[in-house]
Amino acid sequence: MYLVGKINVISALPEEFKRLNDIAYNLWWSWNPEAIDLYREIDLELWEKLGKNPVRFLQEVSQKKLQARLEDKDYMSRLHNVVAAFDSYMSEKDTWFSINHPESNGKRIAYFSAEYGLNEVLPIYSGGLGVLSGDHCKSASDLGLPFTAIGLFYKQGYFSQRINIDGWQETSFNNLNISQLPILPALNSNGEQAEINITFAGRTVYAKVWKVQIGRINLYLMDTDVSKNNPSDRALTSRLYGGDHETRIQQEIFLGIGGIRVLDALDIHPTVYHMNEGHSSFMGLELIRKLINEKHLTFKEAKQIVSNSAIFTTHTPVPAGNDTFPLYMMDKYFGDFWGQLGLSRYDFLELGLKNPEDQNFNMTVLALTLAGRKNGVSKLHGAVSRDIFGDVWPGVPQDDVPITHVTNGIHTLTWLSPKIKELYDKYLDSDWKTRIYSASTFEAVDNIPSGELWNTHLELKHKLIGFVRDRLKAQKLANGESMEAVRQVDTFLDPNALTIGFARRFATYKRANLIFRNLARIQNILNNPEKPVQIIFAGKAHPADGPAHDVIKNINDIARQEGFYGKVILLENYNMTVARNLVQGVDIWMNNPRRPLEASGTSGQKVCINGIINFSILDGWWCEGYTGENGWVIGDETEFDNENSQDNIDSESIYDTLEGKIIPLFYKVNEKGIPEEWIRIMKNSIKSLAWNYSTDRMVKEYTERMYLPAMTGASKLLEDNCNTARSFSSFEEHMKNNWAQVQLMADKNHNDLKDYRSNSGQEINLWVNAQLGAIDPANIMVELYYGTLENGKIANAQAVEMNCTEKLADSLYRYSLNLRIEDGGEYAYTFRATPKHPDMINRFDTGLIRWTI
């Protein structure tokens, strides 16, 4: 038949329900289960059918169902309470930020990320990085930060995963319908949808801007599906991490450069700019270009202001996670850009080269070069990043490379089971939700009766098993398996068996199939009739990652073998829905990446708030979180050169720990069937981890260590028509022009080390002469650099500033220090000089360092 048109009928909401529509367009509902209940109770079947999407639900719900709730006094009372809670939250003036940092009123933070995992109804995320970004935004809202987020709108999102009957991953993409999403046009001052444009190699590409409300903050997303673009440009932002290098560099130009133009179009003027991973690094170049044009600054002056205002978080120690572009591609897209910065091609490209001989422009290096404050996402990852990127700061010892760390967390209320939340509401202080970041908040977990906690956990476990069975049935039906095979799913998974969860992106370094290295041994563990064990897996492999596809195939094949069938489960299409059910319902959470390649990992943080116990490699956050009383470790902190040996040792550790510790403890129950010792570890896990690995703590730490200093530093440099920036740039230029004159001359024997002998605690006077040339002593920091002597090198180094005690001649000065070492041992020392200036963020970023000769 010939279709003439279509008619979209939207359900008319009674006046009493119109506030539900306001809430539907603010993702505040996603971490407030009382709000979610209001939608699902109107029509549970429709709610589930529409993917728990409140916007679409209100568009399609029947008038009859609405009328029934309108006559339900209890429902209407709860509706009134939720609306009041939402309005109170949105209008709150006394937030953590406003109370603790009133001096920063009027200053704003802009946050850039390539993906945001806010809720499954808006699938513009691929995994941990996106979920971290989403959780960061939610806590920024909860804490009241003046915060704006920037990203791209992927109309086809990340791919949907199907595991076919042969066990291979298949991918598909579906267009999102904007009218059915919690997303609205971002309006400019004229009341029109904001639009920006970027010129690519001679053509102009346009993007309209959408707004996502996340509590008190907004996320703005760029969308190139604009009629005046050509077909290929209209599809530019359609897929997350899709396409080739050309697509990727164009997306990242939009994210970074376009993101700054979005802020301008919406009249938003941040003081601080936070790059979450290197995808948005071009942002810094656009900020410098703007300052040069608007303030008539030189590149160096503008770069200093941007460095003071820019923060960069790196998330991966894996090379594939750091985007690089060939130099010819940089020429193509930035050939007319470096001139606007007053730079030569060589100087421009050098901003993103890890080594001068590199043939690829590295986005992580660009971010490290432009941002004044840099961090990894766990203590270990900070150290690994200092090692990987040490070449960016030649001559600087690894420990002094200016990359610190802020350990990741999770948004507690997003990942907390409503059932566990009820226990917290009952037994913790009434204001616990506003003090999630405090260690004292969860001490009262000990007040929860063991039986009550255990029964709640079992209820969630039964819910998980029902969820898994439903997914598996749909999976088998889609693959054309027999009805007998579908019905057999109801026998899968034993609610009384120890249940292990493993779910994350299936990159090979995460070693999803490590537990199957010795098939005979794990088969015996799973099939112990007295103490059975079962494992649930979920995860996606990147479409181009062939080895990761092989891992999925391997697990699927094992799951179908006798002895594993029904005890090893592989769920397809891992997303936030699957994750939420798993992190709330398994007994232990297993994570076994190849150390030290897990930057942080947050899945294990999601389980601890639900009373689930971690069983993990000492990598990422677990290095900091493990206490010996709150979970178990796999292996130790040994780092291996041979991957095969590492896999053998770590897999044996998994089996030994399961057999010797975890399984016996799980099945050790009292006369009421309650595993008291297990519950003690559950409570230890909650008390020690829930507060410290929350994004409330994380965002609070970013604020105090990164955002506030950046606000102060950037504001100072912009004062007085940027004269402070000009002055500092002149200082830096003077230092670089005269640095060759700086020499340190120490008191030492001709060919041998100076050899001091002293008793513990006895003072040793050490000195060094410094030839400074045209540099003022006030602009030089001379330090003693010392530590234990190990294999001819200084280890466990410490640096202590020395005093300028004597002028020996023109430009020649003596620096002295009395050193006292309390612990016995063999030590070594040397001296170094670096620039010194009150407006300097990090002296090692200048690239100027002089060691003694």
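Let's start with burial: a residue is called buried when its relative accessible area is under 20%, exposed when that area is over 50%, and partly exposed in between (1.4 Å probe, protein chains only). Take C722, which counts as buried because its relative accessibility is 0%. C804 has 40%, so it counts as partly exposed. If you're wondering about disulfides, meaning pairs of cysteine sulfur atoms within 2.5 Å, the count by this rule comes to zero.

A word on what you're looking at: this is a predicted model, where local features need pLDDT of at least 70, side-chain atom pairs count only at pLDDT 80 or more, and totals for chains, interfaces and linings use all residues. Residues are numbered from 1 along each chain as its sequence is written, and side-chain values use heavy atoms, with hydrogens and water left out.

Now zoom out. The chain holds 28 helices and 28 strands; these are DSSP runs numbered from the N terminus (helices are H or I, at least four residues; strands are E, at least two). The C-alpha atoms fill a box of roughly 95 × 65 × 50 Å along the principal axes. Of the 853 residues, 57% are buried. Contact means heavy atoms within 4.5 Å, and among contacts in the chain with a separation of 6 or more, 73% join residues 24 or more positions apart.

For a look inside, go to helix α16 (residues 379-388). Its buried residues are L380, H381, G382, V384, S385 and R386. Their cover includes the strands β13 (373-376) and β14 (404-405), along with helix α25 (622-625).

Next, find strand β18 (residues 588-591), where N591 sits. N591 counts as buried because its relative accessibility is 7%. Leaving aside residues up to four places away in sequence, N591 touches F502, R504, E598, F615, S616, I617 and I634.

K510 belongs to the loop between β15 (498-503) and α21 (519-526). Is this lysine, K510, buried or exposed? At 8% relative accessibility, K510 counts as buried. With residues up to four places away in sequence left out, K510 touches F502, R504, R505, N592, P593 and E598. P675, by comparison, lies 165 residues from K510 in sequence and 31 Å from K510 in space, C-alpha to C-alpha.
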